[in-house]
Amino acid sequence: MNIVRAHKLKDHFVELLRSASSQLPGDVVDALQQGFHQEDKGSPAHMAMEIILKNIELSKANSTPLCQDTGTNIWHVYHPQHICKTALEEMIRDATEEACRLSYLRANAVDPVSGLNSGNNLGLRFPVISFYEWRSSAVRASVMLKGGGCENVSTQYALPHESLQAGRDLDGVRKVVLDAVFKAQGRGCAPGIIGVGIGGDRITGMIEAKHQLWRDLADRNPVALLDKLEQRLHDECNQLGIGPMGYGGKTTVLGVKAGAIHRVPASYFVSISYMCWASRKASVTIAPSGKTTFHKRVPRSMTCNTPNCKG
Amino acid sequence: MKHIQLPIGETDIRILKVGDEVAISGVMVTARDAAHKYIIENWPKWVAPLLKDRAIYHCGPVVRKDENGYHAISAGPTTSIREEHYEPQIIAHYGPRIIIGKGGMGDATLAAMQKSGAVYVHATGGAASFIARSIRKIHNVYMLDELGPPEAFWEMEVEDFTGVVTMDAHGGSLHNIVRKASEKRLHALLQ
């Protein structure tokens, strides 16, 4: 409780949202630069990558949203025992409203019944907040902004899949991921990052897929078979030739990240979460002393399945 | 780069071909999901002068208001295919010459553009701060309260708004070309 009230967490959270909305993590910028250099000069793909890189510079310099769709805000908050989560949630909601007022975030919450926009980016389960207790005495909050365009091309398959001849194994997983990236074409704002959740049920599988999007692009999967699958899919998705914005080109995805969780014998779901090139993430750690550290890259501990794993 | 001044007539628009890079200047209006639905259900007369020989931009901008009025802070394109159900009718009824968005549109819109003389210009998705720089002034906003800031009609003056013609007035579609080529590669990879 004290850490929440004492250290003006709301202000830190507003800063976190500003940073997430206007600055991309370094690994994503590096991958986009690499993509820019490999597209043919004078092609629409090359022009798109050039504009993307200019946009990254401008957004950072002026603290303006990289993309006007500031998306669903997905918060992961790691906290010590005996902390008041209600207070934390209030701080996050207050910070969200403030960030919207400051134009770091768009008013994005629409009531599907009335059709009305709430006007302050707050709504029911909006933003999305998950709490994880951990053994550290610090609070660590990470936020991911996931736009609607890429969420719309995210999808879920049940194996076996007849028309793709995808069976209940990792090769079947490979086939449906390729199909999903093909179907998305440029609509998810390619080049994208593909999070894959293998197994689970229809909800936990998709959560696992989204969870994979926290990983650094350079991060290698500790499970050898999944690592191999990720590398192969990265290469094969780019062979599809969809390219930036779907203009045709070499850079269709910046990375593929896969995680597997247990399934019941009857179900074999493959959940695919497509993240646009504007993969906006930011993280902050607040120590009990009040010392605050903003992370340019999301710490490893955020990307493990269990919150207490060493990060 | 081809420079386009709005309003633009049918003859000039039919000169454009798939793959052309364009820089658009003039006054255009944003309309996305709720705006398209509203138009189709009401066929409002006040929309006509905003659309005739001009451009519809699929965009839900981040807009800031100060004593000088509204300013677009971040204004990239949204995915256009969601308007596929509405756009052919809007093109036939109001006669816009350019549809701007991202991701391309379907065969019904392509046919409507071929018939009426209109093109689809693809803006760079996500490049919202970059694009906002080409929005010089917001002249007006319509239905802000009813539709909310991202979905209202924002009438804006742009200068050298850049994009790529990916669907032209002759039935050409870069999206169809890329889809077909990638489908071939997909089948090879599924073997």
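Biologist: In which sense do strand S1 (residues 72-79) of chain A and strand S3 (residues 139-146) of chain A pair?

Modeller: This model is predicted. In it, strands S1 and S3 of chain A are joined over 7 bridges. Within this pairing, Asn73(A) stands opposite Leu145(A) in S3(A). The sense in which S1(A) and S3(A) pair is antiparallel.

Biologist: Which strands are the edge strands of the open sheet of chain A?

Modeller: The open sheet has 5 strands with mixed pairing, in the order S2-S1-S3-S8-S9. An edge strand pairs on one side only, and this applies to strand S2 (128-133) and strand S9 (292-295) of chain A.

Biologist: What is the average twist from one strand to the next?

Modeller: The sheet in question is the open one of chain A, with the order S2-S1-S3-S8-S9. From one strand to the next, its twist averages 15°.

Biologist: What span does helix H4 (residues 44-62) of chain A reach, and what is expected?

Modeller: Helix H4 of chain A has 19 residues. At 1.5 Å a residue, a span of 27 Å is expected. From the first C-alpha to the last, H4(A) comes close to that value, reaching 27 Å.

Biologist: Which residue just after H4(A) takes a positive phi?

Modeller: Helix H4 of chain A covers residues 44-62. Just after H4(A), a positive phi of about 55° is found at Ser63(A).

Biologist: Where does the largest pocket lie, and why?

Modeller: The largest pocket holds about 570 Å³ of space. Its lining has 32 residues, and those nearest its centre are Asp69(A), Arg106(A), Gly148(A), Gly149(A) and Arg32(B). Because domain 1 (2-23 + 66-147 + 280-303) and domain 2 (149-275) of chain A both give residues to this lining, the largest pocket lies between domain 1 and domain 2.

Biologist: Which helix gives the most to the lining of the largest pocket?

Modeller: By class, this lining has 10 nonpolar, 12 polar and 10 charged residues. The helix that gives the most to it contributes 5 residues, and it is H6 (residues 148-153) of chain A.

Conventions: Residues numbered from 1 in each chain as written. Chains lettered and ligands numbered in written order. Predicted model: local features only at pLDDT ≥ 70, side-chain atom pairs only at ≥ 80, totals over all residues. Heavy atoms only, no water. 1 Å grid on protein atoms, 1.4 Å probe; cavity = no way out; pocket = protein on both sides within 12 Å on 5 of 7 lines; lining within 4 Å. Points joined across faces, edges and corners; volume = space filled by probe spheres on them. Helix = DSSP H or I, 4+ residues; strand = E, 2+ residues; numbered from the N terminus. Nonpolar A, V, L, I, M, F, W, Y, C, P; charged D, E, K, R; others polar. Domains from an automatic or database assignment. Expected span 1.5 Å × (residues − 1). Pairing = 2+ DSSP bridges. Axes fitted to C-alpha atoms, helices over the stretch in contact; angles between N-to-C directions.
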